[in-house]
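Good morning, and thank you for joining. I would like to take you through one model this morning, and I ask you to keep the structure in view as I speak.

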Amino acid sequence: MDLGFNETEEMVRASAQEFLEREAGPELARSGDADAFWSKVAEMGWPGLAVSERYGGADMGLVALGVLIEQWGANLGRGPLFEFSVLVSPLLEAAADERLKKEILPRLADGSSSAAIAILEQSASWRPEDIRATAVKTDNGWAITGTKHFVSYGDEASQILVAARTGDRPSDVSIFVVNREANGISSETVNHASGTPTTVLTFNETTVDVFRIVGSENEGWPFVEALMQKGAAFRAIQLAGLGRHVLDITAAYVKERKQFGVPIGSFQAVQHHLADMAVSVRRVEQLARQAVWSVAESSPDAAKQVSRAKLAASELIPQVCWTAHQCHGAIGFTQEHDLHLYTRHALSWAVEFGDTAAHTDRLADALEL
Amino acid sequence: MRFEFTTEDEQFRSELRTFLAEQLPDGWTGPVDESSKDGWALNQRMRKALAARGWLVMHWPEQYGGQDASSLRNIIFAEEMAYHRAPGNDRFGTRMIGPVLMFYGTDEQKSKYLPDIAAGGIQWCQGYSEPDAGSDLASLKTRAVRDGDKFIINGAKIWTSLAHRADMMFMLVRTDPDAPKHRGISMLLVDMKTPGVEVRPIYNMAGSHSFNQVTFDDVAVPAENLVGDLNNGWRVGMSVLNYERSGIDYVAWGQRAWDELAQFCRDETGPNGLPLSADPSIRRKMAELDVEIEGARLLAYEVAWSQQQGEAPADVASMSKLSGTLANKSVLDYGLQLLGMYGVLESGSPHAKLQGRFFKMRMFYTSGEILAGTTEIQKNLIAWRGLELPRV
Ligand SMILES: Cc1cc2nc3c(=O)[nH]c(=O)nc-3n(C[C@H](O)[C@H](O)[C@H](O)COP(=O)(O)OP(=O)(O)OC[C@H]3O[C@@H](n4cnc5c(N)ncnc54)[C@H](O)[C@@H]3O)c2cc1C
């Protein structure tokens, strides 16, 4: 057992913290335009952090990526880092056609283009039978038709990972990598509480080359499962980072804000709030790091650890944010104060990659109840 | 013991409901955004209509244009208004400064202001909090110095709700800096158009302009605008707080959200093809929330009932505010959980469920536990006043 960071992990943590505190944070979260930031992220080599060297990455593995995403969460990093490095790249490396990998991975790994995922539909559920979009065979590939909801960076991305039905059994789902420039794609913007650019993408007989299917026909569902699990583990660690940051700014505030002639942090009621926050954050940190590690190691316990981490993070970190608001009083209720930016992200991440109901059921299954 | 309202009270409730159905726009779901022009216009129209029915100040004595309505009748009014998210219920005028003037005001002040308040023709705001005087209100620093027949005010108030809509402010100022902090405070009435008064908007985290910073730069106010005795402002000013601390508004908002959520659960199909309301875990949680709301409602009723008996138990008022804000928050939190990924689509978004209202309300009602005495301060009061526990 070693609950500390090794040398590489510590190096990633320190450089991520140093860079993100300087370049990201509330100011970036408020500004609509993140292009300049994204170029710097690309220079850091982060999109390719966990990508193999042969496709232009640094091959540092998922645990190091988890360390990075924890800091990304703490500083509200913007841009499709999560989408590509956590979700799309491991899947493509494992299962895509070599031609496709050569064509798109290096450009995604160096940040010159980006990827999004389009899996969920109107039901917002992660069950195979809820994939209604279809892909039908054509002379030289596939044609995809259907509507995908909650696509983060759906307009910015150049490659979209799409799940579509290719057969009649519930699990007859296949995965495709669709060029965003392909025919028949229309998008509608929705306003997401986190401020993340989010679209509803509609595909109307969108043509997809035959080599753009990932894995075999009708065998895409396990990939979606794996992707959801990674998403949940990494959202949990991202929430842990966010929670730690919110705890830090609140602890600093209650030391400084005075009422009744003393810092409000000297009132036990306030101290107990901070103590509760600290316990929550530390628990979520450990659960989330364990979850990321077990995903990285393909541990047989991964399903359990991920659902535990996601459930704890989704419940406790929004609560940490609400308590932080309470400790700030009216100033924390304003738009100009940064606190609500964290709260908005926490509420959003809490319901992504399986909400509480979904992970409660999954955990109960994994526990053989 | 009798846990029901009288037939007359119930009749009033149904008359009020009919009135609201007629007066509110078709399909009204609220809450009103008073920072918008239309929202404010609706507020003003509703207020005038309530005044015309005699309901705006029905809790006032007849001599001031009221109906001497009982506290219980009055709580029905507040409950229905909040449940329907109906604008127009003017708490600063009719519930705070109006009653204060009846008790502490001079005859001139009464005849100058009360008829306008009763007619819904004037907007007040409450200038108490300052940047460094929040929970510790008595440390307020805004100075008023007597100069002939005037007071000259310098300083700043903050978080002043509706200051940007207000004609008048009732404010607490420091008039004796040398006295112990509770003894050097006075209440003044200030015309918001007086030179030197400046209102700067503050946007809240739900995205609307509900409160403000108000600065005072050599603002001259006639000496006759002093309410009560000089340096007795703490007592005068605190007399409005018991109204502020009844939790019925929060209970009714929570009930409304619960009802909307219950309907949503009946209408939406869950993964197993059955309505969400058939899901045992959802049924349990909704039932738990119902208990929380009903308990909080009874505490609010208890505050009103005690007032009717001529008592004003401060600790029960604190319990009521605390329970009401918590119940409302619990319902909204669960709503966001049930709405899942749809819960975090902002109102106005295509595809948002329940018009994105739950997210906006959850953000907005974060303030419930802060304003009018924070939750922590209420707990202190319950422990000190209700249970007589020792103070450190
Ligand atoms: C939406 C909104 C509308 C408002 N409208 C008005 C208005 O119209 N007019 C007006 O005058 N004011 C208004 N207020 C201000 C409100 O009254 C203050 O926010 C409130 O008194 C708390 O003060 P504060 O915000 O400075 O927080 P602080 O007093 O700084 O409190 C910060 C934290 O410290 C805790 N704390 C402070 N003292 C103690 C203690 N002794 N023991 C334990 N914990 C303690 C608090 O509970 C809180 O958690 C409004 C506030 C809001 C949010």
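Let me begin with a term: contact here means that heavy atoms lie within 4.5 Å. Please also bear in mind throughout that this is a predicted model.

With that in hand, consider chain B, which is divided into domain 1 (7-89), domain 2 (125-230) and domain 3 (246-386). How many residues of domain 1 of chain B are in contact with domain 3 of chain B? The count is 15 residues on the side of domain 1, and they meet 18 residues of domain 3. Taken over C-alpha atoms, the centres of these two domains of chain B are 21 Å apart. Between them, domain 1 and domain 3 of chain B bury about 1500 Å², and 57% of that area is on carbon and sulfur atoms.

I turn now to the interface between the chains. Chain A brings 39 residues to the contact and chain B brings 40 residues. The two chains bury about 3600 Å² between them, with carbon and sulfur atoms giving 62% of it. Which three residues supply more than any others of the area that chain A buries against chain B? They are A:Trp322, A:Gln326 and A:Phe333, which together supply 21% of that area.

Next, the ligand. Where does the ligand lie? Its place is between chains A and B. The residues that surround the ligand number 30, and the closest are A:Arg257, A:Gln326, B:Ser135, B:Thr374 and B:Glu376.

By class, the shell around the ligand holds 16 nonpolar, twelve polar and two charged residues.

Let me give some individual distances. A:Arg257 places a polar side-chain atom 2.7 Å from an oxygen atom of the ligand. From chain B, a polar side-chain atom of B:Glu376 also lies 2.7 Å from a ligand oxygen atom. On its own the ligand has 970 Å² of accessible area, and the protein covers 93% of it.

Finally, the secondary structure around the ligand. The elements that give two or more residues to the shell are α8 (268-296) and α9 (302-328) of chain A, together with α12 (375-386) of chain B. Of these, α12(B) gives the most, with three residues.

Thank you; I welcome your comments.

Key: Residues numbered from 1 in each chain as written. Chains lettered and ligands numbered in written order. Predicted model: local features only at pLDDT ≥ 70, side-chain atom pairs only at ≥ 80, totals over all residues. Heavy atoms only, no water. Near = heavy atom within 4 Å. Polar contact = N/O pair within 3.5 Å; in protein donor to acceptor, adjacent residues only side chain to side chain. Areas by Shrake-Rupley, 256 points an atom, 1.4 Å probe, with all protein chains shown as cover. Helix = DSSP H or I, 4+ residues; strand = E, 2+ residues; numbered from the N terminus. Nonpolar A, V, L, I, M, F, W, Y, C, P; charged D, E, K, R; others polar. Domains from an automatic or database assignment. Buried area = accessible area lost by both parts, 1.4 Å probe.
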